[in-house]
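Please keep the structure in view while reading.

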Amino acid sequence: MSDDYRRVSFWMDALVASGADDLEPRASLSEDVSVDVCIVGGGLTGLWTAYYLQEADPTLSIAILDKDIAGFGASGRNGGWSSALFPLSASALESRYGFDAAVALRRAMVDTVDEVGRSAEAEGIDCDFVRGGTVAFVRSSVQLASARAELEEATHFGVDQVSLLGTDTVRERFGVPSAIAATFAAECARIQPAKLVRGLARAVERRGATIYERTEVRSWADGRVDAVVGDTPRSVRAATVVNATEGYGSALRQVGRRILPLYSLMIATEPLSDAVWDRIGIEHGQTFTDFRHLLIYGQRTADNRFAFGGRGARYHLGSAIRPAYDRVGRVTHHLRRALVDLFPAAADARITHEWGGPLGVPRDWHASVGFDAARKEAWAGGYVGDGVSTTNLAGRTLADLITGADTELTSLAWVNHRSPRWEPEPLRFAGANAGLVGMQFADAEERVTGRPSVAARLMRPLTGH
């Protein structure tokens with residue numbers, strides 16, 4: 001079984017290879033139980049929620065249920081950016097909630113980057129946390145306009161530390177011959193995500209929570225969670241049920257069309273020499289991207305590999321999630337080509353790992369966290385790939401909501417937001433994949449015309465703008 005879980009991602013494989021974790025599953029739910037809080041999902045959302053609930057009230061009994069193992073989903077597969085990114089821009093938040101609310105949420109996200117590092121250190125979780133910031137390369141005049149707009153937004157809200165690097169600086173520091181500028185955002189740390197999520201699972205266990213793995217939740221209502229272990233039905237009674245399923249929740253009746261599972265895929269190279277990294281210019285702790293529409297993201301790992309990912313995999317009819325979708329040769333080829341196009345010094349690097357998985361996308365691209373005491377239910381998710389830090393903020397906020405604390409976190413704009421449902425099939429299939437094709441076309445359009453993409457503007461409603 002551990003060999004299967006090693007294939008989840010490079011990050012999981014590295015845990016086993018180093019001897020840090022054998023990934024052997026914990027015990028499943030063997031009998032019906034009653035607890036104060038039952039958390040559905042053993043990823044970062046669920047584990048951070050348990051962690052901060054334990055800080056708020058150590059007497060709480062907490063059960064965490066996962067269909068596979070802790071960290072199996074996006075928490076163990078992502079790009080390893082502990083960033084201040086939120087799916088909606090600060091300007092979009094301002095248009096919905098006003099300036100002060102947008103600033104409060106931005107400030108909370110910025111503070112969360114350091115909170116992740118602080119908590120990991122406090123629990124002895126060596127997750128390769130280095131706060132090196134994000135470099136976003138600018139490769140055309142159209143992208144330069146976007147970079148300047150980003151800088152203006154950061155100045156307007158006065159929270160994020162973003163600077164613009166000119167052509168001479170970029171070409172002196174980085175091996176990206178096509179770059180004419182770059183932005184540098186300080187609020188991001190490089191992490192090894194599987195180390196973080198697996199270490200956090202052990203931390204909440206030490207504090208008294210019980211994690212039941214290979215326990216598939218089928219539904220919940222009024223404080224009762226119905227699950228199966230193999231063919232055997234099991235149930236949990238709880239004063240509060242926390243939905244922490246993210247993209248995987250689309251298969252559950254309680255979530256359904258409230259979330260769309262959109263795949264993002266990654267590759268990892270073999271370790272590169274220090275001489276090659278000197279030519280590339282990315283330092284330990286730095287993450288990187290550029291200003292294209294079809295998102296890419298990457299980092300220099302602690303063992304000197306590229307871990308590089310991006311969109312490009314299509315949405316599957318009926319919100320289907322299957323292991324076969326984790327690896328797509330066409331997308332792997334696209335990612336390798338994009339990496340070498342950005343960093344020619346990586347041309348000879350061998351690809352050692354390819355993997356992927358679904359992330360959760362709400363219809364309005366608005367992440368949310370909330371609590372309904374009457375229904376005995378709490379939830380968080382819809383991170384659209386920006387979940388490594390946002391899950392921590394969610395966990396702290398849920399702990400306050402569930403324990404009845406009135407804090408600055410419980411008054412943030414995303415609390416108790418409810419996104420509209422996605423369209424039924426086949427409209428959902430057509431719309432989601434039209435968005436993917438549209439972003440690919442938008443990049444090509446801008447390369448040819450040298451002007452901001454019309455296609456990208458038309459696609460904005462699909463991305464919550």
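The lining of the largest cavity in this predicted model divides into six nonpolar residues, one polar residue and three charged residues. A search of the whole structure finds one cavity of 30 Å³ or more, and the space in the largest cavity comes to about 30 Å³.

**Lining of the largest cavity**

- The residues that line the largest cavity are Leu265, Met266, Asp326, Arg327, Val328, Val331, Thr332, Leu335, Glu354 and Trp355.
- At least two lining residues come from each of three elements, namely strand E12 (260-269), helix H10 (329-342) and strand E16 (351-361).
- Of the elements that contribute to the lining of the largest cavity, H10 gives the most, with three residues.

**Contact between helices H2 and H8**

- Helix H2, which spans residues 10-18, and helix H8, which spans residues 193-206, have axes that come within 8 Å and cross at roughly 70°.
- On the H2 side the contact is made by Trp11, Met12 and Leu15, while on the H8 side Pro193, Ala194, Lys195 and Arg198 take part.
- Sorted by class, the contact of H2 with H8 has five nonpolar residues and two charged residues, with no polar residues.

Definitions and conventions. Residues numbered from 1 in each chain as written. Predicted model: local features only at pLDDT ≥ 70, side-chain atom pairs only at ≥ 80, totals over all residues. Heavy atoms only, no water. Axes fitted to C-alpha atoms, helices over the stretch in contact; angles between N-to-C directions. Helix = DSSP H or I, 4+ residues; strand = E, 2+ residues; numbered from the N terminus. Contact = heavy atoms within 4.5 Å. Nonpolar A, V, L, I, M, F, W, Y, C, P; charged D, E, K, R; others polar. 1 Å grid on protein atoms, 1.4 Å probe; cavity = no way out; pocket = protein on both sides within 12 Å on 5 of 7 lines; lining within 4 Å. Points joined across faces, edges and corners; volume = space filled by probe spheres on them.
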